[in-house]
Amino acid sequence: MTTQTAQQPGKVYLVGAGPGDPGLITLRGKYLLERAEVVVYDYLANPKLLSHVPNTAERVYAGKKGGGLHAFTQEGINKLLVDYALTGKRVVRLKGGDPFIFGRGAEEIQELVVAGIDFEVVPGVTSATAAATYAGIPITHREHTASVAFITGHEATGKKESNVAWDKLATGAGTLVIYMGIKNLPIITKKLMDNGRAPDTPVAVVRWASTPEQHSVEGTLATITEVVKKADIKPPALVIVGDVVKLRNTIDWFERRPLFGKRMVITRTREQASELVARLAENGADCLEYPTLHMEPVEDYTILDQALQEIGSYQWLLFTSLNAITWFFKHLWEKGMDARNLNGPKIAVVGRATADKLLTYGLKADLIPEHFTGEGLAEALIETGIQGGKILIPRAVKAREILPEMLKQAEASVTVAPVYENVPPQGRKDELRERLENGTIDLVTFTSSSTVDNFLTMVDAASEEELHRLMDPVTIAVIGPITADTVQKHGLKVDIQPEQYTITDMVNAIVAYYQQADT
Ligand code: SAH
């Protein structure tokens, strides 16, 4: 980085990242991340938020872990922001929680003001409200408390003159929320009791609020230090003191979700994973995405192009996967055509999801089989009478041959047109291996045979024994019988398989599996 003062200075956006869950950033914050040229982010800002940032943007980790190593000093960070802005960049300074609540945001801004640099501040969900909400504690309640104090616990010792008036706060506010209070918890609780707060006042401590690692414990002013020690709760954590903590019994929702704390591997491609991830995450799972499939266009589209030229002569057009639809239309559009060019054949799809996908292109499926498999589709088609008819199947280069074979046997004239290719997995292989070795994966989801094959290529076990050592402790969930077969062919067991072959049914089956295990 160079400092060029000749340029028009840029602007610095101090953005609150929220408490941890990447969904808890504001729309304004996300908008600014999407347009950032430089992002300077903290230890407490979830790195997943960087997925909003353009690839071309520079990412700078500014560190700051309570009590640990600082990647930069506060002065260093202040200078960094000024220097980047002076080169004319749009700089997003991403800070955990809210930038103005124990975030030293104001200090960073003072430096910008001195340097004459324009700025904007975007508030964030502060960890105090998030920790309370995600631990099932309303920080105010008509019957229990009419006031809340946000306090730093960092100052309890060290400074001769603490800025915190513990004597007044002890009984002066109904609910106390203490940031950075873990290290000094014995001193803080003692000060509160010495100054008149009842020793049996309920206290909750919440670590990594709103994330899959959230861990909360409960006690009283008299007992919480011991409880925290036993549970080995380390920063970052918040301490919530007051009668409202009692309401947790009824309101606690986040940690009670059926898949809370379970780590699940998603093997679908990134483009396809979102629905599965969203549904599992809503049930509390921590989803680790290891896409095992990567798709690329094929080199030669001659077969499809020829078929499109005479599309009117086809009786059926078949789609057996979402990807086939996506890549088919991608090519169609590239040729300057659209859905109107497809009049002629009827359209059949393999299941509900493919039918829905097709609708987004303005087309309604004429046939959806009762059983969502290639065989199910073939049988349904054969029943309609396809003898002598022409059938077009755009699909992956490599796919199951059962559908075209069954149709050919029924004397249809079948054209298989490759529209995309699955290429083997890449990247993050070592990380996956390490997680399997450490036993930090609870479950793997497989949504097709190729995800199974490619996942196991990624695992790269040297022997059958090693494969079993790594995979036997992991619960395996598959979408349907064909994927299950593939898992079994590799010598592994299938633990979860839904009756209907859809993502929703698969997620429901996973939830039911863990609920059963709990009872
Ligand atoms: N500006 C931040 C606070 C920074 S001070 C905010 O508004 O939230 C750092 C302290 O915040 C930590 O020591 C811890 O007490 C608290 N904290 C931040 N994120 C947290 C989280 N996800 N869970 C629990 N405490 C958190």
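Start by selecting R104, in the loop between β4 (90-95) and α3 (105-114). Keep in mind as you go that this is a predicted model. Check the backbone here: R104 has a positive phi of about 55 degrees, even though it isn't a glycine. Most residues other than glycine have a negative phi. Is R104 buried, exposed or partly exposed? Its relative accessibility is 37%, so it counts as partly exposed.

Next, jump to the loop between α7 and β10, where you'll find D232. D232 is another non-glycine residue with a positive phi of about 55 degrees. Stay in that loop, which runs between α7 (224-230) and β10 (237-241), and pick P236. The peptide bond joining P235 and P236 is cis, with omega at about 0 degrees. Most peptide bonds are trans.

**The ligand**

Which of the 17 residues around the ligand come nearest? They are I101, T126, S127, A209 and A237. Colour the shell by class and you'll get 12 nonpolar, 4 polar and 1 charged residues.

Then look at the ligand's oxygen atoms and the protein backbone:

- At D98, a polar backbone atom is 2.8 Å from an oxygen atom of the ligand.
- At M180, a backbone N or O atom lies 2.9 Å from a ligand oxygen.
- At A237, a polar backbone atom is 2.7 Å from an oxygen atom of the ligand.

How much of the ligand does the protein bury? Taken alone, the ligand exposes 540 Å², and the protein buries 93% of that. Where does the shell come from? Domain 1 (11-125) and domain 2 (129-156 + 163-251) each supply at least three of its residues.

**Zooming out**

Time to colour by domain. Besides domain 1 (11-125) and domain 2 (129-156 + 163-251), the assignment gives domain 3 (263-293 + 425-518) and domain 4 (296-423). The centres of domain 1 and domain 4, taken over C-alpha atoms, are 49 Å apart. Switch to cartoon view and you're looking at 19 helices and 19 strands. Along the principal axes, the C-alpha atoms fill a box of roughly 90 × 65 × 50 Å. Of the chain's 519 residues, 48% count as buried.

While you're zoomed out, pick P123, in the loop between β5 (118-122) and α4 (127-134). P123 has a relative accessible area of 51%, so it counts as exposed. Draw a line from the C-alpha atom of P123 to that of R197: these residues are 74 apart along the chain, and the line spans 32 Å.

**Aromatic rings**

Now show the aromatic side chains. How many aromatic pairs does a search of the whole structure find? It finds 17. Zoom in on F150 and Y179: their ring centres are 5.9 Å apart and their planes sit at 70 degrees, so this pair is edge-to-face. F150 is partly exposed, with a relative accessible area of 32%, whereas Y179 is buried at 7%.

For another pair, go to F319 and F328. Why does this pair count as edge-to-face? The ring centres are 5.2 Å apart and the planes are at 70 degrees, and the angle cut-off for edge-to-face is over 60. F319 and F328 are both buried.

Select E310, in the loop between α10 (302-309) and β14 (316-319). Its relative accessible area is 39%, so E310 counts as partly exposed. Follow its side chain to a polar contact with the side chain of K390, at 3.2 Å. Then check G344: it is 34 residues from E310 along the chain, and their C-alpha atoms are separated by 9.5 Å.

Finish at T486 in helix α18 (residues 481-489). Here a polar atom of the T486 side chain lies 3.0 Å from the backbone oxygen of I482. Is T486 buried or exposed? With a relative accessible area of 11%, T486 is buried.

Key: Residues are numbered from 1 along each chain as its sequence is written. This is a predicted model: local features need pLDDT of at least 70, side-chain atom pairs count only at pLDDT 80 or more; totals for chains, interfaces and linings use all residues. Side-chain values use heavy atoms; hydrogens and water are left out. A residue is near a molecule or strand if one of its heavy atoms lies within 4 Å of it. A polar contact is a pair of N or O atoms within 3.5 Å; within protein, one must be able to donate a hydrogen and the other to accept it, and residues adjacent in sequence count only if both atoms are side-chain atoms. Accessible areas come from the Shrake-Rupley method with a 1.4 Å probe; for residues, only the protein chains shown count as cover. Ala, Val, Leu, Ile, Met, Phe, Trp, Tyr, Cys and Pro count as nonpolar, Asp, Glu, Lys and Arg as charged, and the others, Gly among them, as polar. Domain bounds come from an automatic or database domain assignment. Rings of Phe, Tyr and Trp (its six-membered ring) pair if their centres lie within 6.5 Å; planes under 30 degrees apart count as stacked, over 60 as edge-to-face and the rest as tilted. Buried means under 20% relative accessible area, exposed over 50%, partly exposed in between (1.4 Å probe, protein chains only). Helices (H or I, at least four residues) and strands (E, at least two) are DSSP runs, numbered from the N terminus.
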